[in-house]
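Visitor: Can you walk me through this one? I'd like to chat about it with the structure open.

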Amino acid sequence: MSMTSSVARVLQSSGSLSASTTTTMLDCPTSLLPASTLESCLAWQSSESSKYNCSGDEFLASLTPGKHAGVTAKYLSFNTKVATPHYPLRAEMLTRCTGGTIVFSEAEDIAVDPIKDIGSASSVGEELYDAYLMSYSFYTEASGLGLFETLNERIREKATMLQYADIFPKVRNMGEYRKDGKTNIDLLISDGDFFLPVVRIDLLERDGLPLPHTWDDLVELANYYNGTDLNDDGETHDDWGFCIFPRTGSGFFEAWIPELMYSTWATTDQTRGIQQGFLFDDQTFEPRIGIGFERAMNYWKELWPLATDGCTTSTFAEGRCAIGLAPPGCWKGIFVNTEEGGVAWRNRTNGDWGPILRDENGNALWRPTWKDGTYAEPYRLKPLGSLVVVDRATDQLVDCGPKTCPKGEKIKASDELPEDDRARVLVDSPHLGKWINRVPFHWSGGFGTGIRRSANNAVKDLMFDFFAYVNSPMTSVDDIVLPSWLDDWRYSQLESYERNYKTGGWNFDAWNEHQRVMKHALGIDANSARTLQLPGVLLYTRDVMLGQFQKYVAGEKSIEITKEETIAGWNNATAAYGKINQLDNYRAALGLDSLSTYQKCTLHRQEMDAIDPAICKEEEDNSTLIIIILCSIVGAGIIGLILYFWYKRYKSFQAMKKAHEQQMESTLNEATRALRQLDYPLHLVRGDEFIAEKQLMRHEVLRNSHRLTVLDNIGDVDAFIQTGKQVVFFSHQWTAFNHPDPTNDQYKCMVNALHELAKQSGWNNNLRDVYVWVDYSCIPQANASVQNLAIKSLAVYASSATYFVICAPDTKHADLHDVCDLATYQRRMWCRAEQVCYSMRNGIGGMFLAKGKPGAFELGPVEPDFFLESLHVFNGDLTCCRFEHKGMESCDRQSLVVPILGLYGELLRAAHDGIKGGNSNISA
C-alpha cells in the first residue's frame, strides 16, 4: 500500500477524511497522525518532493511540490504561437513543480468554439475542455447562465501571489459580471486592449503642425499626408495618411472592423463612464443610433479611402504611414532596437525581436528623424475625443464642458505638458483650452482566461494555479515585453524601464509615452467604453453592422437608410435571443443590476407576457382596481352644473397628482439607484500615509499629489475588499466652521483608533493594507456640485467599509468655544447620517467608539442602543441652519434625502419580507 493510501486510511478512520474523498497529499498532517505513521509519512513526503522542481520563481516556490500530481486539464487556446507563445513554456514549468499536466488545444474561432464547448441558452455544451482563452466580449451569456467558475474566492485565497489590485481597474472590470446584486469575477483578464493612436511626430515638427486631439484633426492630417512621400524614398503611390487594424483582409479580425467606428461613436455618446454605455438604452434596449452614430459613420467614410493595414503588414514600419490606430500590441513590436538607428518589425520572425529592415547593402531602409537628424520615435498619444457630445434628452450635440462631460479634460498648451513629453516642441492645438471627451475603447481583442464550472475540482484547481501564474506580476512583468497579443494589464508591468522594456528592445521615449498612455486609458478615472458583450454578438457586429459599414463608406447607401437597416437588423438579432435576456446581459456587462419586475412589466409588457403572462398579471389587477375606484369617485361627483366645475378641478388635480407621482417616482428611483452605484468614486487614504500626514489633509491636496486610492464603481469596491483590504470609516464632528479639526485632537484620536484596531484584529503594523475614509480628505471640498455627487454616494461609502469608528474626543470648538464631546457629536445631522448608512447595511458588529481626552483615548464597541437617536437623522443640528443658509441655494438636509430615503426603503422592504415570511424579529 502506498504512503498516500496509508495516510488517507488513517484520516478516514479518525473521521477527518471521508471515504469518498480523493486527494493528492504531500503535506503530512502532523496533528492527526500517530508517531509511527508520521515518521514514515515525513520520509515519504521528502522523497516525493524531490521529484518536483519549484525553484523557477517566487510564484512556483509558493506552491506545494507535486500539488497536482496525476491531474490532467484540457485547455482550449487560440493561435497560441502568436497570441500567447509564452504560455506553453510556463505550463511546462508548472508541471515540473506540481506534477499537473495542461494539454493545449487550438480553437478555430475564438468567438464560437469556447461557447460551443461550455454551452449557451440554446444548446448544451460539449464539455470537451476545462478552461478557455476568450475574448471578453463573448463570455456574458455563459456568465448569466452560471457556466463559468466564479473566481472571487480563489482570487482572495491567492491574494499575495496574484496581487489582483495591481491589475488596472478598467482591465479588472472587463472580466466582471453583475448578477443577483453581486459582482462576479468570471474571467481573469490579462490584456489591456484598446485602440491606441500613434503619430509620426517627426512630420508634425517638420510641417509646424500640432498633435491631433479630435476625429476632425485626424481626418485633416490623414488627408494632408495621404499620397505624399513619407519615408524619403521618392515614391508616393503607396504612402498612406492612416494605418489601422483591423482592416479588410485581416482574416478572422475583419468581423470586428465596425468596432473602429464604435470607438468614434463612443466619444460623442458616452460621457460618464462604463456604466452609462452608449450602444443601447439601458432600460428600453432600443439601439441608440442617432446623431452620434451618424457623425461617427461620416468620419469613417472620409477615413476609409485614406487607410491601409498597419499591423499585419510592414507599412508603418517602413515609414509609409503618417498616423496609426490599432491595439497597443500592434505598436509594441514595431519600433524596437532603435538605438541601432533603424526600425524593427518584431512579428516578422518567430520569437526574435525582429531584424532592422535593411536594403541589399545593409543600410536601414528608413529612419524617422527630428530636424536635427536624431531619431524621432513615433509618438503614442491619448485616445482621440470629441469637442461636442450628445444631449441624451434631445439627441442633439452640445459643447463638451464640466457639466456635459464630467470625465472630460481641457486641451493643454504644449508648454503645459510634462517636462519629458516630446510633444512640447510642437505648436499649440487650435482647440487650446476647450473641453474634450476622450473615450478609450476596449475592442473585442481583450483576452482573458476562464474555467468551466462543471469541470472536476482538481482540474479547476490546476487551471486556476496556471492562470494565476501567467497573470501574476512574478512572471508577467518580464513576459509582457515578449511578442504576443497581450498588452500591459498591470501597474507593475510599467513601473521600471530598466526592469523589462529596456531589455525588450524599447528606447526610453517609447516606454515613457507607452506607460503614460496606458495608465491614462486603463486607470480608475478613464471614461472607458466597451464593445458589445451580448449573446450572439457576431449577429450584431459582423452580420449586420459590418455589411452596413462597408456599403456606407463605399457610397452605396445613404446615412438614413443605413441607420434604418442597422436598427432593424439589431432588433432582429435581439428578438432572436430574447429582448429581456439581452437587456439583462447588457446591464450586467456594464456593471448594472437588472431592472425590477415592475420596471420590466412597465417597459416591456409584451416581452414579459411572452415569457410568462402571470408575471405582470398582479400588477395589472391592481391598476384595474385603482381605475375603477377613481372612475366611481368621478361619477359620483358629476351632478348638474357642478359637473363642469368638478371636472375641471379633477383634471387639475390629476395633473398635479401625476406631476407629484412622477417627482416621487423619480426621487425613489434615484434613491434606489444611489444604493447600487456610485455617483462619485470612493476615495481612500492608505493607513500608513494617513498617519504620516500628521493631520487631516484637504481632499484637493491629496488628490493633486496622487495620494488617494480611487475606486470608480461598486465592482471595484467589491474587488478591492475581496483582496483582503480593510476600510475604516471615521465619523466625527467638525470643531470649527471652516475646518474639521483645528486642535488636531480628533486626528490623534483616529490614529490611536487605527493602531488599536490593528492590534485587536491582528493586522500588519505597517497598515499598508488598511485604508481610511474621512470626510475632509475623501469628499471634494472646493466644488459644491461635485461634493453633492459624493454626498449622494454616502450610503455606499459607509456600507462598503469593513469598520466604522466614531471619533468623539473631548475638545473645544474653535469658533463657539463650547466643549465638543460625544453628546454634541450625537446631535449633529451628518454624524447621525453616517451611523445610519453603516448600521442599516452592516449592523453594529463593526462599529467602534473612540472617545476621551487627548492622551487618554479609549476605543470600545458601540452598544446596541447607542444609535437609536441617530435614526432621527433630519432632527440633527446643522451649521448651515445656524447661519440661516446665507449664500446657499438649499439646506444641507436636502442633499441627504436621496441616500437616506434609499436606506429607509431598503429597511422597509426587509421588514415587509420578514412579515410575509413570518419572521417576527424582522417585522418588529
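Predicted model: local features only at pLDDT ≥ 70, side-chain atom pairs only at ≥ 80, totals over all residues.

Visitor: OK, what does the pLDDT average over the protein chain?

Guide: The average is 85, and 82% of the residues score at least 70. pLDDT is the predictor's confidence in each residue, from 0 to 100. Over residues 1-25 the pLDDT is below 50, and that stretch has 29 contacts beyond near neighbours in sequence. A contact means heavy atoms within 4.5 Å. Residues 337-354 also stay under 50, with 67 contacts beyond four places in sequence.

Visitor: Let's go to the strands. Which residues make up S7, and which strands do bridges join to S7?

Guide: Strand S7 covers residues 196-199. Four bridges join S7 to strand S10 (residues 321-326), antiparallel, and two bridges join S7 to strand S11 (residues 379-380), also antiparallel. As for terms, helices (H or I, at least four residues) and strands (E, at least two) are DSSP runs, numbered from the N terminus. Two strands pair if DSSP finds at least two bridges between them.

Visitor: And what holds paired strands together in general?

Guide: Strands of a sheet pair through backbone hydrogen bonds, either parallel or antiparallel.

Visitor: Which residues stand across from Val198?

Guide: Gly324 is the bridge partner of Val198 in S10, and Arg380 stands opposite Val198 in S11.

Visitor: Are the faces of S7 covered or open?

Guide: Both faces are covered: Leu196 and Val198 on one side, and Pro197 and Val199 on the other, are all buried. Buried means under 20% relative accessible area, exposed means over 50%, and partly exposed is in between (1.4 Å probe, protein chains only).

Visitor: You mentioned Arg380. What does His514 touch?

Guide: Arg380 is on that list, along with Pro328, Asp488, Leu494, Tyr501 and Trp506, leaving out residues up to four places away in sequence. His514 lies in helix H19 (residues 508-522). His514 counts as buried because its relative accessibility is 3%.

Visitor: Switching topic: how many salt bridges are there in the whole structure?

Guide: A search finds 49. A salt bridge here is a side-chain nitrogen of Lys or Arg within 4 Å of a carboxyl oxygen of Asp or Glu. One of them joins the side chains of Asp479 and Arg90, at 2.9 Å from N to O. Asp479 lies in helix H17 (residues 473-479) and Arg90 in helix H5 (residues 87-98), so this pair ties together parts 389 residues apart in sequence.

Visitor: Is that pair buried or exposed?

Guide: Asp479 counts as buried at 7% relative accessibility, and Arg90 counts as buried at 12%.

Visitor: What about Asp465, which residue does it form a salt bridge with?

Guide: Lys158, with the closest N and O atoms 2.9 Å apart. Asp465 sits in helix H16 (residues 457-471) and Lys158 in the loop between helix H8 (152-157) and helix H9 (159-162), so the pair ties together parts that are 307 residues apart in sequence. Both Asp465 and Lys158 are buried.

Visitor: And Lys725 with Asp769?

Guide: Their side chains meet in a salt bridge, 2.8 Å from N to O. Lys725 is in the loop between helix H29 (714-722) and strand S22 (726-731), while Asp769 is in the loop between helix H30 (745-761) and strand S23 (770-773), 44 residues apart. Lys725 is buried, at 17% relative accessible area, whereas Asp769 counts as partly exposed at 41%.

Visitor: Which residues do salt bridges that share partners join into one network?

Guide: Glu149, Arg154, Lys460 and Asp461.

Visitor: Back to strands. What's going on between S4 and S5?

Guide: Four bridges join strand S4 (residues 176-179) to strand S5 (residues 182-185), and they run antiparallel. Arg178 stands opposite Thr183 in S5. The hairpin has two residues between the strands, and Asp180 takes a positive phi near 55° there.

Terms used
Residues numbered from 1 in each chain as written. Heavy atoms only, no water.
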